[in-house]
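Please read the briefing below alongside the sequence and the coordinates.

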Amino acid sequence: MRFNTAPAPHLAPTASTRRIMQWVLLAMAPGVAAQLWQFGPGVLINLALAIAIALLAESAMLRLRARHSRAGLSDWSAVLTAALLAVSLPPIAPWWITVFGTLFAVVIGKQLYGGLGYNPFNPAMVGYAVLLISFPKAMTAWLPPTDLAATQLNLLEAWNAIVHRAGPDGSSFDALAMATPLDTLKTQLGLGRTMDEIQSGALFGALAGKGWQWVNLGYLAGGLWLLRRGLIAWQIPAGFLAALGALSLGFFLLEPETYPTPLFHLLGGATMLGAFFIATDPVTASTTPKGRLIYGALIGSLVFVIRSWGGYPDGVAFAVLLLNLAAPTIDHYTRPRVYGHPGCT
Amino acid sequence: MFTLHRFHGGLHLDAHKEDSSLAPLATAPVPPRLIFPLQQRGGQNAQSVVQVGDHVRKGQVIARGDGPMNPPIHASSSGIVSAIEPRPLPHPSGLTDLAIVIDTDGEDLAPAPEERPDYGQLAPEELRRVIFEAGIVGLGGAAFSTAVKTDPGHRPIDTLILNGAECEPYITCDDSLLRNFPREVLEGARILMRVLGVERCLLGVEDDMPEAIRALRETREAGDYSNIDIVTVPALYPSGGEKQLIRILTGREVPTRGIPADAGVICQNVGTAAAVYRAVGRGEPLIERIVTVTGKGIKNPGNWLTRIGTPIADLVRYSGGYSGVAERLILGGPMMGISLPSDALPLVKAANCVLVTGRGETTGPKQALPCIRCGACAEACPINLLPQQLYWYSRADNLQRAEEYQLADCIECGCCDYVCPSHIPLVQYFRAAKSELVAKQRERTKADHARERFEARQARKEREKQERAEAAQRKKTALAKPDTSEIQDAIARAKARKRPPESAPTTDAAPDESPPAQEPAEN
């Protein structure tokens, strides 16, 4: 009998890139749910819009680059990039913000570098950074969390706000928006207020910023599930959270009047999303075990630095992008000891 | 009580061992035709010592190699040599090479058994000779000459390791051997310990072979085997890899580019140990081994005590033939085995398993996606390499960097390849890059030799030139020296004779004016 030959290993693979991307998207669900609950259905509109634009842009770029567009699209990486960007945007960000950011992320952040696997920078964060630098006002206008809002926008009202820039009942759009806790903290500290005065404000909850604490707990839950499934390496989130926690604890103990609690940092802003979903993007992160720990810790430290002394309220995007630059160097100096080679065991 | 060590990475794979291990060990009939490729191990050919038409008996030497690396091949049954002609080798390439074909006569005639009741008293050298003459090679798959492997030279050895950790899925031939012939394995271990002069033997068995472990323990208790430890190791691919098993059992590592003997151990497959016992204790050459025939593509999977030289097709026939879904024929396991184009190929000494996979059991043509640097490969690598970096450098033909990242240490176990979510055929890239590195290395060595030869020639020419110059110089001075000095002396003597003694000082100047006479002394 004749048989076709093939090289070893012969066992059918159990993992696929597409499946990994899908699991990560699924793991975002608790965080997205918390956002939905706290900030209304705007996040869903952002998600839908970003995903649609990302798929269109990816498909067009693959065609332009004469690549197989179905194979390229079916890896779900464009969807994941779009989703990570969408959940980072204010829930009533004008539609063109989402469109512009997504296009920038997919076209420039990813495809112009050669597509999946070849981009040195996290595409979602490239899109986010460009938006934050170009449109700072629109990018920091968040809705008040459920506890503080008189009424929450329904899906239609959110749509009107995003597309037509109109508030419900003809009210002005700007009246809807509100600064985030991190933003408020920065402004208030700048005005010479003490930490006690600031934290007694309405924006601050039991653990951290109102609303944000739940969103962070949601992404933490999803992240832990990713860890359990072995889809992300533990070193990056561990390094990230340990460094951010340690630095914020240190400064909080030294000067509690000017520095918020470590919990505020750990459960505020984009901490958990950043630690488990953004910094862990394998393409742009460090790949060695020791390197990942260093990479994560440096991102966590930079987040603290930018939040405490930088010009932007949150620092996750910039910290990740800056460390993307360092990842190859970190990898080079953290190569593990190979079996049979001298060194410690 | 016994500390096991851990190696990096590894995979928990679905074992699929029950498929073949549930059936009792059966003895395969003598096939109508036996085929013995003269090329048993890559590149090394034995020479036929029989002619077409010869009648050969079971156990008779039919081919001999040219050195200790190449032990003889024996007829595994009696019959007539019907052809010595090129036949396809059991290799995916479909390459052909000379093979001896024996049409069996069904008599299975063998020479009278050689009684060796006192084999325990033989000297190591003598035991190695018997092992070599019996045609024994490593039965774990590599088919390395056992006589050579049991001769570590100046390296001090303190431990013999017997490898019973059959870590590849589907394969159960060692399990079957240990269940059915535990005493032969332990006796073989004792002989090997005597050959090596070691006091300690560790026999590693994976924990998913409880019956084999029980049989070994019972035999060990019943006999005088106290310095052989039966060690259960966790089932984790590739713990049956030599380097991994050595690390698990001793915590030592084989140095890069070294051999186990450099770590003070010698590692032998359990099947090899049993073959050693049969050769030394009973005078039987290596003419049969246990082969697993399994996979969804086989009707009745099981283990067969099979004559070396049996065509795969015959063994499949004994196993009930192919099932309807047979898709791929693999010699060896699913992780490292080679896939064969045809079942008309014979089983050689190294053949441990015939795996016929069914649809869905193995990979289809995979479409590779770009590497996303997820690092799953690095996590799985038992050598602790960074396969994604190696892939990058291999693809970019940056062999120097690939070398820096220790490409040469890759054992091609397939772990990285199997876990890669982008379905990149990593092992193929590494194999290609490794062979290119070897070729480059060979070229470099050749160039080095050529340069050395050239430089030596230049130096020789230079030396000859200088020698010629010196010789000329010597000749010149040799000619000049006596002349001048004698002349000067004669002149001086003449002057001295002519002049009165008080004018002697003026003659002193004369020798000083003849520098050539001084020069040879300086040279």
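The radius of gyration is taken over C-alpha atoms, and the globule rule used with it is 2.2 Å times the number of residues to the power 0.38. This is a predicted model, in which local features need pLDDT of at least 70 and side-chain atom pairs count only at pLDDT 80 or more, while totals for chains, interfaces and linings use all residues. Residues are numbered from 1 along each chain as its sequence is written, chains are lettered from A in the order in which they are written, and side-chain values use heavy atoms, with hydrogens and water left out.

**Overall dimensions**

- For the 345 residues of chain A, a compact globule would have a radius of gyration near 20 Å, and the computed 21 Å agrees with this.
- The C-alpha trace of chain A spans about 80 × 50 × 30 Å along its principal axes.
- Chain B has a radius of gyration of 34 Å, well over the 24 Å that the globule rule gives for 523 residues, so chain B is more spread out than a compact globule.
- Along the principal axes, the C-alpha atoms of chain B fill a box of roughly 130 × 65 × 55 Å.

**Secondary structure and burial**

- Counting DSSP runs (helices H or I of at least four residues, strands E of at least two), chain A has 17 helices and zero strands, and chain B has 16 helices and 19 strands.
- Buried residues (under 20% relative accessible area, with a 1.4 Å probe and protein chains only) make up 54% of chain A and 50% of chain B.

**A helix pair in chain A**

- Helix α5 (residues 77-88) and helix α7 (residues 123-134) of chain A pack at an angle of about 35°, with their axes 8 Å apart; these axes are lines fitted to C-alpha atoms over the stretch in contact, and angles run from 0 to 180 degrees between N-to-C directions.
- Contact (heavy atoms within 4.5 Å) is made by residues including A:Leu84 and A:Leu85 of α5(A) and A:Met125 and A:Tyr128 of α7(A).

**A:Thr17**

- A:Thr17 lies in helix α1 (residues 17-27) of chain A and is buried, with a relative accessible area of 1%.
- Not counting residues up to four places away in sequence, A:Thr17 touches A:Asp75, A:Leu116, B:Leu369, B:Ile372, B:Pro421 and B:Ser422.
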